[in-house]
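Please look through the structure shown here, and keep it in view while reading the paragraphs below.

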Amino acid sequence: MKYCLTITFSLLCLQLFAQVNCHMYEAGSACYKACQEAEKAIRHPQGSKESQQHFDTAIDLCPTFDYAYFEKAVPYLKRGQFVEWKKLIDKAVELKPEQHLGYRGWCRYQFLRDYKGAIEDIERLETVASYDIGQSVNGDYHLIIAKALCYKALGQKEKAVRIIKEQLAQEAYVPMPYDYLHLGVLYLGLNKPENAVASFLKQLEINDYLAETYYYRGLATAAMEDKAKAEAYFQKALAFYEEGKHLRDPYTHHADRIFKADILAQLAGKQQ
Amino acid sequence: MKKRILTFALFVSIFACKNDEKKSETLYLNHVGDTHFVAETDSTGFQPCHPDLAYQYYNFGGSARFKGEKPAIERYFRERYKAEENQQENGYFTVRFLVNCEGKSSWFRTEAMDLEYQPKQFHSAISNQLLQLTKALEGWTVAEYEGQTYDYYQYLTFKIENGQLSEILP
């Protein structure tokens with residue numbers, strides 16, 4: 001049983017490695033061999049001694065092989081060893097800034113709430129990339145939206161709204177799962193409940209599986225003095241929450257994530 | 001004869017230097033973040049349920065596996081943490097620990113860094129306080145999968161700004 005479970009979890013971890021293409025290196029070259037070492041590394045569970053040792057060998061063979069620094073860094077991040085993570089990811093960024101700035105910026109925000117650091121990385125990526133800078137590594141946010149969330153956290157709500165609205169207005173942009181939710185919460189924070197509700201309605205067009213949408217709609221509705229409707233939204237939020245329908249991430253908590261205690265507090269009539 | 005000895009010595013030193021050029025091998029435990037019992041600091045009343053197998057908190061599908069969820073953790077620390085007036089420090093203080101199959105925690109290990117991610121030592125009024133509070137925190141849920149319970153590593157990271165507790169992560 002233990003063996004089966006270890007295999008199951010190992011497979012889960014294996015799926016979390018980014019893929020590498022060794023054919024971009026000249027066959028037989030030191031960096032090609034380093035890449036082959038990296039292929040061996042990702043056959044072992046992420047963060048295992050064997051995996052890390054293969055990445056070390058890869059780095060010894062080819063000290064400019066950015067992929068090895070990046071992947072070697074990941075388990076340190078996930079396990080709260082941020083000093084070591086930063087040393088390694090900084091090396092990857094130094095070698096290939098366009099490839100790794102977005103990831104480092106996102107992780108600074110997601111794991112450390114390093115808002116200034118995240119903004120620096122994302123804005124630096126915007127200056128060096130002539131293309132769409134892309135999404136967070138977990139696929140939840142466009143990096144521009146992540147940047148907006150950082151500005152919000154630094155108290156610059158109006159700027160955050162502007163950034164999100166500009167991104168949503170991009171012709172080729174497809175809204176991501178929580179864009180309108182966060183926009184609505186921003187409007188709530190700016191005492192604009194009508195704008196907030198409009199955003200939550202747009203959110204429901206995107207998806208209707210978040211307790212958060214109903215919770216914050218309840219707050220907006222309460223702010224517009226319709227207490228009965230607000231309570232109905234809080235009840236819906238509670239039902240969703242108890243079914244597990246809320247923002248979730250295996251590693252951290254999303255901005256604007258709510259918990260059962262928050263909903264119960266509203267239903268009990270306490271001020272948040 | 002002297003010439004042969006010198007040649008031999010040169011030959012040996014060339015190979016010695018060549019070996020030293022390879023970066024020193026890092027000694028790893030089985031997994032990044034693993035730790036073992038340390039008699040000087042760890043409670044003898046704590047036992048991992050599976051001495052050779054511990055997972056990570058995120059292997060069980062959700063962060064902060066705690067009774068009352070993140071709000072309970074926030075409330076606990078914010079009610080108890082006292083920022084010293086004269087400790088205008090900034091950085092991150094992380095406490096990493098093992099939670100066993102009974103929901104008990106031990107094997108606490110710490111890491112501190114400044115806002116530039118450089119190692120740092122906080123004043124003990126901050127570091128010792130946060131460590132002791134973390135040690136005394138009860139309510140970690142047991143990790144269970146298909147009827148079996150497991151030990152897992154968890155961490156808490158405290159973002160300190162001007163001595164104040166500004167964020168508790170994850």
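Predicted model: local features only at pLDDT ≥ 70, side-chain atom pairs only at ≥ 80, totals over all residues.

Residues are numbered from 1 along each chain as its sequence is written, chains are lettered from A and ligands numbered from 1 in the order in which they are written, and side-chain values use heavy atoms, with hydrogens and water left out.

A disulfide is a covalent bond between the sulfur atoms of two cysteines. Here the term is applied to a pair of cysteine sulfur atoms within 2.5 Å, and over all chains the structure holds three disulfides. One of them joins A:Cys22 to A:Cys35, with an S to S distance of 2.1 Å, and it is left-handed because the torsion about the S-S bond is about -90°. This pair links distant parts of the chain, 13 residues apart, with A:Cys22 in the loop between helix H1 (2-14) and helix H2 (30-41) of chain A and A:Cys35 in helix H2 of chain A. Helices (H or I, at least four residues) and strands (E, at least two) are DSSP runs, numbered from the N terminus. A:Cys22 is buried, with a relative accessible area of 4%, and A:Cys35 also counts as buried, at 0%; the word buried means under 20% relative accessible area, exposed means over 50%, and partly exposed is in between (1.4 Å probe, protein chains only).

Another disulfide of chain A joins A:Cys31 to A:Cys62, with 1.9 Å from S to S, and its torsion of about 70° about the S-S bond is the reason why it is right-handed. A:Cys31 is in helix H2 of chain A, whereas A:Cys62 is in the loop between helix H3 (49-61) and helix H4 (66-78) of chain A, 31 residues apart. Both A:Cys31 and A:Cys62 are buried. When the bonded cysteines of chain A are numbered in sequence order, the pairing reads 1-3, 2-4.

In chain B, the sulfur atoms of B:Cys49 and B:Cys101 are 1.8 Å apart and form a disulfide, which is left-handed, with -80° about the S-S bond. B:Cys49 lies in the loop between helix H1 (2-21) and strand S1 (54-56) of chain B and B:Cys101 in the loop between S2 and S3 of chain B, so the pair ties together parts that are 52 residues apart in sequence. B:Cys49 is partly exposed, with a relative accessible area of 28%.

What keeps A:Cys107 from forming a bond with A:Cys150? The closest cysteine sulfur to that of A:Cys107 is the one in A:Cys150, and at 12 Å it is too far for a bond. A:Cys107 counts as buried at 1% relative accessibility, and A:Cys150 counts as buried at 0%.

The loop that holds B:Cys101 runs between S2 and S3 of chain B, and these strands form a hairpin with five residues between them, where B:Gly103 in the turn has a positive phi of about 80°. Strand S2 (residues 91-99) of chain B and S3(B) pair in the antiparallel sense over seven bridges, where pairing requires that DSSP finds at least two bridges between two strands. Within this pairing, B:Phe93 has B:Ala112 in S3(B) as its bridge partner.

Most residues other than glycine have a negative phi, and most peptide bonds are trans. B:Tyr117, although not a glycine, has a positive phi of about 70°; it lies in the loop between strand S3 (105-113) and helix H3 (124-136) of chain B, and it is buried, with a relative accessible area of 2%. B:Glu146 also has a positive phi, near 50°, in the loop between strand S4 (143-145) and strand S5 (148-161) of chain B, but B:Glu146 is exposed, with a relative accessible area of 62%. A cis peptide bond, with omega about 10°, joins B:Leu169 and B:Pro170, and B:Pro170 is found in the segment after strand S6 (164-169) of chain B.

Returning to chain A, A:Ser199 is found in helix H11 (residues 193-206) and is buried, with a relative accessible area of 5%. Leaving aside neighbours within four places in sequence, A:Ser199 is in contact (heavy atoms within 4.5 Å) with A:Tyr180, A:Leu183, A:Gly184 and A:Tyr187.
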